[in-house]
Amino acid sequence: RDDQVAERAELVEGVGGGYSLYADGLAAYLLCALVFWTTARSDLPERPALAVGALAGCSAVVGGYGALQAFGLDPFVSLRSFAGGRTGSTLGDPVLLGAVLAGGLPSALAAARSPVSGLRAPGRAAVVLTSMGLAASGSRGAILAAAVGAVAWGLLEFADRPRVRRALAAAAAGLALLGAGVWTLRRQTGGSDSARLAL
């Protein structure tokens, strides 16, 4: 019945939250940035590597678990997403999973190219598992955000290599044009992708 459908839709909205509530969770990344900034300014060279490794490791675990769910495996807890075909990992929600992994991908890339040799192999694994988790989440906004974060990391990492910087700048321009074009089209048609792109 119509009233039952409306009640279920209200329950799902209450569990999942609106897009404005998802944006509130991004404030946690300010704390991550402050932790990284303080460790980077430390005179102990291993401290930044520890911060980057911790973020990359968390992303690898959460993303890997999401990938397992995508293959039908849920070995520890049964957290099924209410969005068909999308996984929520231990967060229980595909959008929140995507938001966490979008912030974790640049750290995984940094770990993969770390001057600390013991961090490079786990960093490469974290890049793979984080990317798999992003794909399994199906969150288009998170995938776009992860791509933007990867490009921003690349511009900083390859500051002394002009050719790579030019290629990354072109990729950034392409992402910006793609995002602006899709946003304009979706706003005209009333699609929800405009909210994703705004975030």
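**From one glycine to the packed helices**

Modeller: G64 has its place in helix α4, where helices are DSSP runs of H or I of at least four residues, strands are runs of E of at least two, and both are numbered from the N terminus. Before we go further, please keep in mind that this is a predicted model, in which local features need pLDDT of at least 70 and side-chain atom pairs count only at pLDDT 80 or more, while totals for chains, interfaces and linings use all residues. Residues are numbered from 1 along each chain as its sequence is written, and side-chain values use heavy atoms, with hydrogens and water left out.

G64 is buried, as its relative accessible area is 14% (buried means under 20%, exposed over 50% and partly exposed in between, with a 1.4 Å probe and protein chains only). Setting aside neighbours within four places in sequence, G64 has contacts with S59 and L129, a contact being heavy atoms within 4.5 Å. Further along the chain is S89, 25 residues from G64 in sequence, and the C-alpha atoms of the two are 8.3 Å apart in space.

The phi of S89 is near 55°, a positive value in a residue other than glycine. For background, most residues other than glycine have a negative phi.

S59 leads us on to another residue. T130, which lies in helix α6, is in contact with S59, A60, L101, L105 and A108 once its neighbours within four places in sequence are left aside. T130 is buried too, with a relative accessible area of 0%.

One of those partners, L105, takes us to the largest nonpolar core. L105, V127 and L134 touch the most other members among the 22 residues of this core, a core being a set of buried Ala, Val, Leu, Ile, Met, Phe, Trp, Tyr and Cys residues joined through side-chain atoms within 4.5 Å. Helices α4 (46-70), α5, α6 and α7 (140-157) each supply at least two of its residues. The largest share, eight residues, comes from α5. Not counting residues up to four places away in sequence, L105 touches V127, T130, S131, L134, A146 and A150.

Now for the helices themselves. Helix α5 (residues 94-112) and helix α6 (residues 117-137) pack at about 155°, with axes 8 Å apart; the axes are lines fitted to C-alpha atoms over the stretch in contact, and angles run from 0 to 180 degrees between N-to-C directions. So α5 is roughly antiparallel to α6 (under 35 degrees is roughly parallel, over 145 roughly antiparallel, 65 to 115 roughly perpendicular and the rest oblique). On the α5 side, the residues that meet α6 include L97, L101, L105 and L109, and on the α6 side those that meet α5 include V127, T130 and L134. By class, this contact has 13 nonpolar, six polar and two charged residues; here Ala, Val, Leu, Ile, Met, Phe, Trp, Tyr, Cys and Pro count as nonpolar, Asp, Glu, Lys and Arg as charged, and the others, Gly among them, as polar.

Helix α5 also packs with α7, at an angle of about 20° and with the axes 8 Å apart. That makes α5 roughly parallel to α7. In this contact G98, A99, A102, L105, P106, L109 and A110 of α5 meet A142, A145, A146, G149, A150 and W153 of α7. Here the residues divide into 11 nonpolar, two polar and no charged.

Helix α7 also holds G154, which counts as buried at 1% relative accessibility. R165 comes 11 residues from G154 in sequence, with a C-alpha to C-alpha distance of 7.5 Å.

Finally, let us step back to the whole chain. The protein chain has nine helices and zero strands. Of its 199 residues, 33% count as buried. Among contacts with a separation of 6 or more, 56% join residues 24 or more positions apart.
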